[in-house]
Every structure is written in C-alpha cells, then in structure tokens.
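Biologist: I'm new to this one. Can you walk me through it?

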Amino acid sequence: MVYFITELIIIFFREPKSIVAGTSVRGRSVRAGFGLGGAGSKDGGEGGSWRSVSVLKPYFRDHVLRLAGGFSSLVVVDLLQLYIPRIFKYVVDSLQKGIATPGGLLASGCYIILTAIAIAAFRFIWRQLLFGFSRIVEIDLRERMFSHLLTLDKAFFQKTTIGEVMALATNDLSSVQLATGMGVVALVDAVFMGLAAFGFMLYIHPFLTFIALAPMPILAFLTRILSSRLHGRFKKVQEQFSVLTEFVRSSLASIRLVKAYNQEEHQSRLFAQMGETYVRNNLKLAYIYGTLFPVSGLIGNASMLLVLIFGGRLVISGAITAGDFVAFISYLFIMTWPMMALGWVADLFQRGATSLSRIEALMSTRASLAESSAPSVRIGRGEIRVRRLSFRYPGQAAPSLNEIDLNIPSGMLLGIVGRTGAGKTTLCNVLARLFPVPDGRLFFDGLDVNSISIGSVRSAIAYVPQDVVLFSDTIAFNIAFGTQGASIGEIEKAARAAAIHEEIAAMPQGYATRIGERGIKLSGGQRQRIAIARALLLSRPVVIIDDGLSAVDMETEHTIIGSIASYLEGRTCIIVSHRIAPLVDAHEIVVMEYGQVVDQGAHKDLIDRNAFYSSIFRHQALSGVDQGIGSASGPVSDVTSGER
Ligand SMILES: Nc1ncnc2c1ncn2[C@@H]1O[C@H](COP(=O)(O)OP(=O)(O)OP(=O)(O)O)[C@@H](O)[C@H]1O
Ligand SMILES: [Mg+2]
C-alpha cells in the first residue's frame, strides 16, 4: 500500500516536464498538451510511461468539484459499509448476553436495510461523478488526438499506418479511460477502506490485527514484482492490435484487388496468423493475472486462518467478545478487497500509463511543415514562379525534382506531361505546399511561400490529387466538400464543367446518391470527374489537376479539359496528363523527365523543336489508342487511376 501511495504522490505532484503546448480543457485555456517529451516516452520505458501520466493533471484540476463530490460519496459508501459490522457486533453480543429482544433484532435489521439503501444512493452518485470524469478525459483526449492528426502532414502518414492511429483512438484511449475511472476509484476506495478497516481492527484488538495482517506485505511485494512485468507485455498486446487493425483496414480498402487476384484465402491465412500472435501476447499477459489474483485470494485466506486460530482463543479467554470476533472477521473480509484492488489498480495504472505514453508520442509529433508565425495573405492573382527548385523525399537518396524553373502567369492553362516517375505528382505536391521547400525557390503572386502562412497558399489552390479521395457520403456532399454553403445550382454548374452532370442526373437519386465506401459504386472515371467538380466549385485562383482524367478516353479528356478551361477562364490551371493530345490547346506545355523540365512551350513549338515530344504525340495520335507517354503496351490509365 505504501508503494502505491508513494507512486500516486509522485505522479500527481511531479512537475510535468513534457507539457509545453497551451491547450484547452473544456473550453478553458490550461497549460496542458503533449510536448517534446515524445522522445522520452517513445522508448516505452516505465519511467516514460509514468511521466506521461502527468498529462492528466489539468483534467484533475479542472474537475476538482466533480472529483470532490465523487470521492466524498465514495467515502460515505465506505463508512456505511464499515458501519454494518458494528451492527453485527451489537447483535451477536446482545444474543450472547441474553439481552436480545425481537424488537431490538428487528431494529438492527432495519438499520442494516437503511444503511444498504444509503449505500446504493451514494454509490449511484459516485459512479455518475467519477466514471463521468473518466469519460470527459476520454472524449477530450480523443478530440485533441483527432485535431492533432489533422495538423500532421504527408510525411507523418508515410511513416505511420492508419491501423496504428485507429488502435490509439480505440484500445489505448479505453485503457486511459479505465485507469482514470476504475483505476482512480479502486485506488481511493482501496486506500480509504483499507485504512479505515485497519483502524477498526486495531480498535478491536491490536495484536490480532498484527497477526491477521502479517501475510499482507507478501501480497504487496508480489504485486510490485508482477505489475512491473505487465507494462512490457501490455505494450506488445497493443502493438499487435495495431498490426491487426491496419491489416483489416488495408484489406478492406483494397477489397477489389484482393478479389481480382483471388487472394481471399491468403489474406485470411495471414489474418489468422496475426490473430494467433495477438492471442499469444494476450495469454502472456493473462499469465500475470492468473498468478496475481489467486495469490491475492490465497493470502486473504491465510489471514482468515490466522484470525480463526488466534481470534478464537482470544474469545475463549474472554479478551474479546464473540461480537468483536464476528466484526473482526467482517473487517478482514472488507480488507481483502483493498488488498486485491491494489493489484488490480497496479494493472490499470500500468496499462493506462503505457497507453498514455503511446498517445503522447503521437501528440508530440509535429508536422515537418510546421505552421510558422508567417502572416496570412490573400493570394488573388494566382501567379506562380519556381526558381531552381530541387526536392528529395525524406529518406530518399535521389532527388525527385531537379532544378525546376517555371513561370506560370495568372490565368495560364499549363499542361504537364512526362513519363511515369518523371516527377509530375511531386511537382504538384510541392506547389500545393504539402512538402517544405527552401527559401527563395517558390513564389505565389511574387511572395516567397516561406514568408507567408501555409494556409494562405493552400487556400489559394484547389488540388485534385492523382489518387482520388471520396467520402462514403452523397455525391452532392463530395462535390461540395470544402465549399461551405454551396447551392445545388452551383454544385450542378461545377459538375457540368467536369462533364459528370449527365451521369449523376441519370442516377435514380441524382446528387443524393450515396457512393459507398471511397466511391466504390462509381466507375474510376466518374470518381475522377467528381473530384474535379469539387475542385472547380472551390473557386480558387489556382487549380491543379494531377492526371485527373486518366480513366476516360483521349477524346473525352480533350473535351473535358476544354470545358474546364472555359469554366476557369482567367484563373491559373495546371493539368497533368500522360497523354499529349488533350493538352494541345493549353497555353503552354511542360515536358518533364527524370525530375527535370526538359522543354516547355506551346504545343506547336514543341512539335517543331522537340523530337521526343513530337514522336510521342504522333505515336499516340496515329495508334488511336489511349497510349500514355512511357507506356509501350497499353493505357497508363489502368495503372494510374482507380483503387489502390
Ligand atoms: N512518397 C514518396 N516517397 C519517396 N519517393 C517518392 C514518393 N513519391 C514519389 N516518389 C519518387 O519520386 C519520383 C517521382 O514520382 P512522381 O510520383 O512525382 O512521378 P509522376 O511523374 O507523377 O509519375 P506518374 O505518371 O506515374 O504519376 C519517382 O521516382 C518516385 O519513386
Ligand atoms: Mg503522378
């Protein structure tokens, strides 16, 4: 018990080293949040876990009244429970002395019932208040986690699987909730009940108390040893749960591929193997419980044996009354719960601390492209300048962009073509401010992007990424995503410009059609055009469409690009395509190869002077098939679009 009390004092009164960022708990600004302690907590060491617990301090401070009310009710329940053995003592003693009357016995019974009713009422109150507190912590942590996730960038999601994040938001948060709810309740209950019962036992007979509690230090010692092992084992269980979650997520997300490649059985087998590992890890954890609880029970029974032997003698010798003996045994029973609860509390706290350190590691991750204090400005013209821009993906040896120079005046329709892997998507990503760039390399409306806020640039761009992202909602929702309060008329206008209106109108529920998980009910081309309509509706000065029409045929692509161009009249538009013909009307076409711009100009100039360009163009036009640059045998669209 001393160990746990010390542990508790350390946790709640230590300065929270890892807390740096200001955040808000229940609307009020407090000094909380997850700071740079990530490195410490990432090691998963026990110290790291316990340190993360200090993250909860603001919640305890903020809800002090709720906690005070909850703990007071809990203490009242404990006191009332401790009162019942006193009634037993009175009844047994009066029976023994022969002074008991039926009326007295009935009165005692009524006391017990009234006490039980009061216990039930106060128990209801503390459960509401204290478990409510743990839910508040859980909800707030979940909200903060989600908001924080939204601030993280591509670099983070390249390293972390969605399964890991989902496991944190479910299993780990539940552990924290259990620790802050049941864990705290059990600890306070155990300590208070334990001490009070101990006091009553001392009052009855100090020597008997000493004898009865002699085996208890063994229990505390065992709990200490076993709980120190819980941490590592529980961490393994949580990690394996992340693996399982990610596997299910990715299998279901690419269900078409799994079926097309007839991989159902293989995937099931892999899942079963992962499940077995999960079970094995859980069994190792259960082994500790399997030891802890029976041992606690055994020690409790050993105490009981000692009380029967020594207490019985004391009654015989008249040192204590039979009523005292009965009451003493009742208190010993009461003592068993605190002793066992301490083992359980240790586990709940270990789990909670482990989970909290995992959550803190996430919360302390900062986007590589952190929002600086740079001012927000409105980019109205949409003029882009790129000066000798090189870019290398984190951890890659070779650069994906090499000394790119581009001038994209306001209102230009710029086409970008190039072989697969030439760096087209990378260029779009960098332009859209998804990755950091050095100073003096990228300018919007003449302003260095590093001198203005990231939000200023992003809110000037409507970007259609190569991997189309749709939500499992209605078509109207998907098109209007990002545009607050768009009318159905505006949605339709954007859909017409993206040449998808007719197809939507032909659907039984039109724009209210739900498109299934990630748009599974739509064709690849339909998904792409819905994503384009979404970007057009945004009405931003710059529109970037990365291979957004690869799933339609060349003729249709040409027509749609014409329609997009007239819709965007006066705005800057960058369209990447693996086919040249649809882009012939662009003001300029950039030809990329090996991360470089190898040529740039109007279509007719490129045809005249660039042999590579003209040969590909003629080849595509003559063959009459949707053959992409760099693709010798078929449409690149098969590779570059649709479900991944
Ligand atoms: N997230 C990434 N991390 C590391 N390397 C990457 C990443 N994305 C792309 N690359 C590399 O950068 C280079 C350029 O890729 P990019 O996606 O820009 O080509 P692309 O021109 O868009 O090709 P495609 O026509 O197939 O879409 C490739 O060599 C690719 O392997
Ligand atoms: Mg690409």
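**Around the ligand and beyond**

Modeller: Let's start at ligand 1: helix 14, residues 424-431, gives the most to the shell around it, with three residues. Keep in mind that this is a predicted model.

Biologist: Okay, how many residues surround ligand 1, and which are the closest?

Modeller: There are 16 residues around ligand 1, and the closest are Tyr393, Ser400, Thr420, Thr425 and Thr426.

Biologist: And what does the shell around ligand 1 have by class?

Modeller: The shell has 12 polar residues, two nonpolar and two charged.

Biologist: Let's zoom out. How many helices and strands does the protein have?

Modeller: You'll find 23 helices and 12 strands. The protein has 644 residues, and buried ones make up 39% of them.

Biologist: What share of the contacts is between residues 24 or more positions apart?

Modeller: Counting contacts with a separation of 6 or more, 78% are between residues 24 or more positions apart.

Biologist: Now the inside. How many residues are in the largest nonpolar core?

Modeller: That core has 78 residues, and Ala498, Ala533, Leu536 and Ile544 have the most contacts inside it. Helix 19, residues 524-537, gives the most to this core, with seven residues. As background, nonpolar side chains tend to be buried together in soluble globular proteins.

Biologist: Pick Leu536 for me. What is Leu536 in contact with, leaving aside neighbours within four places in sequence?

Modeller: With those left aside, Leu536 is in contact with Ala494, Ala497, Ala498, Val543, Ile564 and Tyr567. There's also a second, separate core of 61 residues, which includes Val77, Leu173, Ala212 and Ala346.

Biologist: Switching to helix packing: at what angle do helix 5 and helix 8 pack?

Modeller: Helix 5, residues 64-97, and helix 8, residues 162-204, pack at about 35°, and their axes are 10 Å apart. The crossing of helix 5 past helix 8 is right-handed.

Biologist: Which residues make the contact?

Modeller: On helix 5 it's Phe71, Leu74, Val75, Asp78 and Leu82. Helix 8 brings Val185, Val188, Asp189, Phe192, Met193, Ala196, Ala197 and Phe200. By class, that contact has 11 nonpolar residues, two charged and no polar.

Biologist: Staying with helix 5, is Gly70 buried or exposed?

Modeller: Gly70, which sits in helix 5, counts as buried because it has 23 C-beta neighbours inside 10 Å, and 20 or more is the cut-off.

Biologist: What is Gly70 in contact with, apart from neighbours within four places in sequence?

Modeller: Those contacts are Trp126, Leu129, Leu130 and Phe133. Gly70 and Gln128 are 58 residues apart in sequence, with their C-alpha atoms 7.9 Å apart in space.

Biologist: What about Ala220, where does it lie?

Modeller: Ala220 lies in helix 10, residues 216-253. From Ala220 to Leu342 it's 122 residues along the chain, and their C-alpha atoms are separated by 8.0 Å. Ala220 is partly exposed because it has 17 C-beta neighbours inside 10 Å.

Biologist: Last topic, backbone angles. What is phi of Asp445?

Modeller: Phi of Asp445 is near 50°, a positive value in a residue other than glycine. Asp445 is in the loop between strand 6 (442-444) and strand 7 (447-448).

Biologist: And what is the phi of Ala499?

Modeller: Ala499 has a positive phi too, about 55°, although it is not a glycine. Its place is in the loop between helix 17 (488-497) and helix 18 (501-506).

Note on methods:
Residues numbered from 1 in each chain as written. Chains lettered and ligands numbered in written order. Predicted model: local features only at pLDDT ≥ 70, side-chain atom pairs only at ≥ 80, totals over all residues. Axes fitted to C-alpha atoms, helices over the stretch in contact; angles between N-to-C directions. Helix = DSSP H or I, 4+ residues; strand = E, 2+ residues; numbered from the N terminus. Left-handed = near helix turned anticlockwise from the far one by under 90°. Contact = placed C-beta atoms within 7 Å. Nonpolar A, V, L, I, M, F, W, Y, C, P; charged D, E, K, R; others polar. Buried ≥ 20, exposed ≤ 12 C-beta atoms within 10 Å, placed from the backbone. Near = placed C-beta within 6 Å. Core = buried A, V, L, I, M, F, W, Y, C linked by C-beta atoms within 7 Å.
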